[in-house]
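Here are some notes to read alongside the model, written for someone opening it for the first time. Have the sequence and the 3D view ready, and take the points in order.

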Amino acid sequence: MSKPQRVAIYVRISKDRKGQELGIQRQEKACRELCSRLGWTVYKVYPENDASASTTSKRKRPAYTEMLRDARDGVVDAIVVYSIDRLTRRIAELTSFLEEQKAQGFAFATTEGEDTATANGRMVLTIKGAVAQQETECMSERVNRSLLQRREKGKPHAGGPRVFGFDPDSNFQRTVPEEVKLIQRGYEMLMSFPAKTPGDVARLWNEAGARSPGGTAWTIQKVKRVYRSERVGGIITYKGQDIGDSVYPHPLTRSEWDNVQTVLDSRATPAAQGSGKRKHLYSGFLKCGYCRSVMRVQWATIQGRTFRRTLCHSGQSGRGGELGCGKVSRSYTWIEERLNEMVEAALALRQPQPQEPPTEDLSGQISMLEERIRVLRQRWKDGKLEDEDYFDSLGHLRTELQALRVRESASVVRQSRRVVDAMAVWGDESPENLDRRRAIVAQVIDEVEVFSVGRGRRKPPEPDSIRVTPVGDSEGAEAKGLGAEFHPTDGA
């Protein structure tokens with residue numbers, strides 16, 4: 001067999017924190033010396049700096065892939081590496097490489113003298129590959145054990161992208177006070193009654209001049225990502241399991257973090273009527289009495305007179321998906337006054353609701369489970385409990401503890417949203433209180449059907465030109481409990 005004339009040298013080092021490439025330079029020098037002794041001509045060097053080849057690594061090795069492609073295409077006729085563990089630490093990948101060599105017929109050599117031309121040489125090479133893989137897996141187990149012990153002590157993982165609220169150079173051990181205040185203010189907004197939205201929080205943070213970790217303006221999804229981060233609640237996880245609480249400062253407590261998860265999860269369902277962002281008190285509640293389209297409320301200027309009107313738009317989908325009929329256009333003010341009277345009459349029949357204690361107190365059960373976990377962890381650290389028994393018991397206890405915390409946080413959210421005096425809230429007509437007033441309307445009125453009163457009328461409309469369906473009245477024939485009864489007209 002003739003001497004190879006186009007030799008590829010492959011050099012790799014797993015970690016090069018300083019980026020000086022000293023490791024691959026030493027490997028290249030040894031490989032070139034080997035080629036010189038064998039009389040082989042070096043064609044190209046394929047360096048792979050700071051790239052792992054272990055079974056736990058998910059990073060691709062582009063230089064390795066390019067080298068094999070060149071070997072298949074006949075660009076190179078030999079491959080030289082420093083040692084077999086520089087080529088790969090995966091026995092499956094080594095087997096595939098040897099199959100490629102056999103199929104393509106290129107030469108292969110290492111500075112340690114492995115011979116792939118014989119069956120015994122390939123067997124020795126395979127054994128060395130298996131030993132390299134075993135060394136990597138043992139190292140991975142030691143590292144994972146060390147990481148687990150670190151987390152058990154309340155020290156979070158120091159890597160990963162920056163999270164809003166934490167000093168970027170502190171490895172999640174220090175917080176930024178200004179950002180923490182914004183996170184806590186956003187939490188109060190999400191827990192208020194009626195609850196503000198992540199969009200409201202994004203607007204607050206943007207107005208305060210804060211920027212996301214990427215340096216961009218805040219959006220709804222970015223705000224959710226902050227509150228979904230377990231680091232914000234000081235929760236330490238390991239391979240998806242809740243390990244404990246961080247010993248370093250964090251923006252929210254665990255219970256606050258659990259509460260905000262309940263709020264964000266609840267927003268995954270369609271919002272209740274009246275909870276959306278509106279400019280008018282009854283927009284969204286008004287429907288055309290003929291085609292059932294949701295009527296629009298808007299400001300209009302006609303003959304120099306500016307007023308609010310509600311109308312059935314012919315471009316709005318109505319019953320059965322058909323377009324609106326466009327038959328109704330009414331002054332909004334008169335309708336608003338009548339509906340206000342009805343809501344006030346309904347509220348007058350209600351007594352202010354005192355703040356009630358939670359229906360169930362789970363703090364005792366939660367404390368008991370937390371104590372059992374601490375005792376279990378101490379027994380494991382003292383060597384009195386096998387790893388298998390420890391993790392099995394720990395998994396059951398944490399599942400039960402998480403279920404109790406979810407129930408407790410849901411109770412806290414319900415309590416924070418109770419209205420102590422609805423009439424006092426209703427009396428506040430400021431624009432900032434519009435959402436709270438609409439939430440009260442949604443507790444009284446289900447929908448309002450509006451009918452036409454004809455053209456050119458000078459006297460006030462008849463009361464029966466609107467029909468109100470109160471909450472709980474599926475038939476919608478009477479406005480029960482509102483002190484009035486409304487029936488449709490023929491549209492005159």
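1. A word on labels before anything else: helices (H or I, at least four residues) and strands (E, at least two) are DSSP runs, numbered from the N terminus.

2. What you have is a predicted model, in which local features need pLDDT of at least 70, side-chain atom pairs count only at pLDDT 80 or more, and totals for chains, interfaces and linings use all residues. Residues are numbered from 1 along each chain as its sequence is written, and side-chain values use heavy atoms, with hydrogens and water left out.

3. How far can you trust it? pLDDT is the predictor's confidence in each residue, from 0 to 100. The chain has a mean pLDDT of 80, with 83% of its residues at 70 or more. Over residues 474–492, however, the pLDDT is below 50, and this stretch still has 41 contacts in the model beyond near neighbours in sequence. Contact here means heavy atoms within 4.5 Å.

4. Back to H11, which covers residues 363–381. The expected span of a helix is 1.5 Å times one less than its number of residues. For the 19 residues of H11 that gives 27 Å, and the end C-alpha atoms are 27 Å apart, so the two agree.

5. Which residues of H11 are buried? They are Ile366, Leu369, Ile373, Leu376, Arg377 and Trp380. These residues sit on the same side of H11, because they cover an arc of only 100° around the axis. Buried means under 20% relative accessible area, exposed over 50%, and partly exposed in between (1.4 Å probe, protein chains only); the arc is that of the directions from the helix axis to the C-beta atoms. As background, an α-helix has 3.6 residues a turn, so residues three or four places apart point the same way.

6. H8 (residues 220–228) can be read in a similar manner. Val223, Val226 and Tyr227 are buried there, and their arc of only 90° around the axis puts them on the same side of H8. The cover over the buried residues of H8 includes helix H6 (177–191), helix H7 (198–207) and helix H9 (254–266).

7. Next, strand E4 (residues 107–110), which is covered on both faces: Ala107 and Ala109 are buried on one side, Phe108 and Thr110 on the other. E4 runs parallel to strand E3 (residues 78–81), and four bridges join them. Two strands count as paired if DSSP finds at least two bridges between them. Valine 80 has alanine 109 of E4 as its bridge partner.

8. Stay with valine 80 for a moment. Leucine 34, in helix H1 (residues 22–38), is 46 residues from valine 80 in sequence but 8.5 Å away in space, C-alpha to C-alpha. Leucine 34 is buried, with a relative accessible area of 8%. Not counting residues up to four places away in sequence, leucine 34 touches Val80, Ala109, Thr110 and Thr111.

9. Valine 45, in strand E2 (residues 42–48), has its C-alpha atom 9.6 Å from that of valine 80. Leaving aside neighbours within four places in sequence, the contacts of valine 45 are Ile9, Val11, Glu28 and Arg32.

10. Now an open sheet of three strands, in the order E7-E11-E12, with mixed pairing. Its edge strands are E7 (286–288) and E12 (466–470), each pairing on one side only. E7 and strand E11 (residues 445–450) run parallel, joined by three bridges, and lysine 287 has glutamate 449 in E11 as its bridge partner. Helix H10 (residues 332–348) packs on this sheet, touching E7, E11 and E12, and its direction makes about 35° with that of E12. Such angles run from 0 to 180 degrees between N-to-C directions, using axes that are lines fitted to C-alpha atoms, for helices over the stretch in contact.

11. Another open sheet has three strands in the order E8-E9-E10, with antiparallel pairing. Here E8 (296–302) and E10 (329–331) are the edge strands. Seven bridges join E8 to strand E9 (residues 305–311) in the antiparallel sense, and glutamine 298 has arginine 309 in E9 as its bridge partner. H10 turns up again, lying across E8, E9 and E10 at about 65° to E10.
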